[in-house]
Amino acid sequence: MSIFPKISLRLEVERYLKEGFMNKEVVSALGKQEAERRFETLLNHLSHPPSFTTVRVNTHLASVQHVKNLLLDELQKQFNGLSVPILQHPDLQDVLLIPIIGPRRNIKKQQCEAVVGAQCGNAVLRGAHVYIPGIVSASKFMKAGDVISVYSDIKGKCKKGAKEFDGTKVFLGNGISELSRKEIFSGLPELKGIGIRMTEPIYLSPSFDNVLPNYLFLQNLPSAVVTHVLDPQPGEKILDLCAAPGGKTTHIAALMHDQGEVIALDKISNKVEKIKQNALLLGLNSIKAFCFDGTKALKLDMVKDAEGKPPFLRESFDRILLDAPCSGMGQRPNMACSWTLKEVTSYQPLQRKLFTVAVELLKPGGVLVYSTCTITLAENEEQVAWALATFPCLQLQPQEPQIGGEGMMGAGLSSEQLKQLQRFDPSVVPVRDTDIASLGDARIEDMIWLANKDCIGFFIAKFIKRKST
């Protein structure tokens with residue numbers, strides 16, 4: 001059952017999304033009422049966290065069973081002896097699933113309050129503690145050691161340093177303050193650690209702050225599916241065109257047993273540093289990360305670059321992952337999005353530029369995987385229809401493993417083509433409560449089914465390049 005209102009969007013954005021989800025093809029197949037019900041269910045899901053926390057095991061350094069045992073010990077400590085199961089995904093052997101307990105409706109609200117920014121609030125709902133930069137407001141007399149009720153300022157209206165806030169706020173649970181109000185708002189920029197340690201979150205989810213950092217990577221389920229669909233092989237040369245923060249890059253290298261070459265590009269330098277840090281932490285040596293704009297990654301002259309740096313010659317890569325910059329409308333939880341329609345619709349041209357470069361850089365017989373963490377038709381199925389019309393050398397491929405649903409109607413793709421896509425759409429299951437008692441009675445197959453369905457909104461398409469462009 002829902003505990004939060006549906007995601008708050010600008011009216012123009014909600015209308016735009018609704019038009020996509022209630023296009024003529026969908027309405028004629030499902031009927032207007034069912035199409036509308038699914039759309040409203042989706043908006044409701046977006047404001048709530050997924051049913052499971054997903055972690056990927058770094059199989060380059062440890063076995064899944066070994067990491068699972070270490071993690072069980074860690075959860076026992078975090079949850080004060082509460083027994084929460086850890087499931088290994090049957091189709092993604094390197095993925096572990098931890099059910100999220102909640103929403104817990106009987107948490108007593110405290111007089112002393114802190115308000116955090118929306119992004120910080122979303123992280124708390126996925127198991128994080130509250131870090132000092134995320135705190136926007138705190139009660140006048142708040143001291144270190146006080147029990148605090150934490151709220152999320154979902155619309156971004158609270159002024160930094162306020163002593164109270166009566167605007168729209170959502171209760172996230174209780175925690176213990178590590179600092180006084182005075183210390184938090186002292187203006188010292190170096191204050192970056194935990195400000196409030198969450199002790200009674202409304203959704204009980206493990207904190208992965210510095211937990212087994214060499215062995216685990218916190219990742220949404222579909223993000224782990226993507227790399228398995230790409231199916232990288234040892235010895236290949238692979239390009240991750242928009243790679244930060246490196247979750248998929250490091251997954252590619254691990255699946256290749258760190259044999260071959262993985263080139264990771266991102267145009268923001270501190271994000272590239274993050275990729276390098278993650279590669280180092282996970283003990284992966286086959287990754288080379290460059291600060292470079294993916295739209296300019298194709299070398300236009302034929303002079304070979306000896307150093308293996310971007311830009312690259314045509315047909316240089318065996319496989320390419322284009323996890324494209326997108327509107328991110330599938331991310332969960334997200335209680336409010338203040339973006340304008342112009343911002344939401346601004347990604348399609350950029351995605352096409354990157355896609356065009358990817359096709360040029362791919363060897364004949366090579367594989368190109370396109371993915372987004374958004375739900376819009378324009379950034380997903382419409383891009384597939386455009387790609388197939390623009391590049392006759394591309395052929396849509398069936399995906400393995402197939403865990404998401406098929407693609408959405410409305411972009412003129414055939415039913416055969418839609419079956420070859422994966423669209424992760426959480427609206428196929430109702431928003432539900434999970435408690436310890438219900439976990440004890442649940443069958444493993446049912447829990448895996450729920451984890452596959454109730455995740456973030458996501459999209460994957462896989463192409464093969466038939467002949468030279």
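**Basis.** I am working from a predicted model, in which local features need pLDDT of at least 70 and side-chain atom pairs count only at pLDDT 80 or more, while totals for chains, interfaces and linings use all residues. Residues are numbered from 1 along each chain as its sequence is written, and side-chain values use heavy atoms, with hydrogens and water left out.

**Domains.** I looked up the division of the protein and found domain 1 (1–101 + 221–468) and domain 2 (113–201), with bounds that come from an automatic or database domain assignment. Their centres, taken over C-alpha atoms, are 31 Å apart. The contact (heavy atoms within 4.5 Å) takes 11 residues from domain 1 and seven residues from domain 2. For the buried area, which is the accessible area (1.4 Å probe) that two parts lose on being put together, summed over both, I noted about 860 Å², with 66% given by carbon and sulfur atoms. On the domain 1 side, Phe 4, Pro 333 and Met 335 lose the most area to domain 2, together 49% of what that side buries. I also searched this interface for salt bridges (a side-chain nitrogen of Lys or Arg within 4 Å of a carboxyl oxygen of Asp or Glu), and the rule finds zero.

**Rings.** I counted rings of Phe, Tyr and Trp (its six-membered ring) as paired if their centres lie within 6.5 Å, with planes under 30 degrees apart called stacked, over 60 edge-to-face and the rest tilted; the count comes to 11 aromatic pairs. One of them is Phe 424 with Phe 458, which is edge-to-face at 6.5 Å centre to centre and 80° between the planes. Phe 424 lies in strand 19 (residues 422–424) and Phe 458 in strand 20 (residues 458–465), so the pair ties together parts that are 34 residues apart in sequence; strands here are DSSP runs (E, at least two residues), and helices are runs of H or I of at least four, both numbered from the N terminus. Both Phe 424 and Phe 458 are buried (under 20% relative accessible area, with exposed over 50% and partly exposed in between, using a 1.4 Å probe and protein chains only). Elsewhere, ring pairs link Phe 355, Tyr 370, Trp 386, Phe 391 and Phe 463 into a cluster.

**Met 409.** I placed Met 409 in the loop between strand 18 (394–396) and helix 13 (415–419), where its 28% relative accessibility counts as partly exposed. Leaving aside neighbours within four places in sequence, its contacts include Asn 23, Val 26 and Leu 377.
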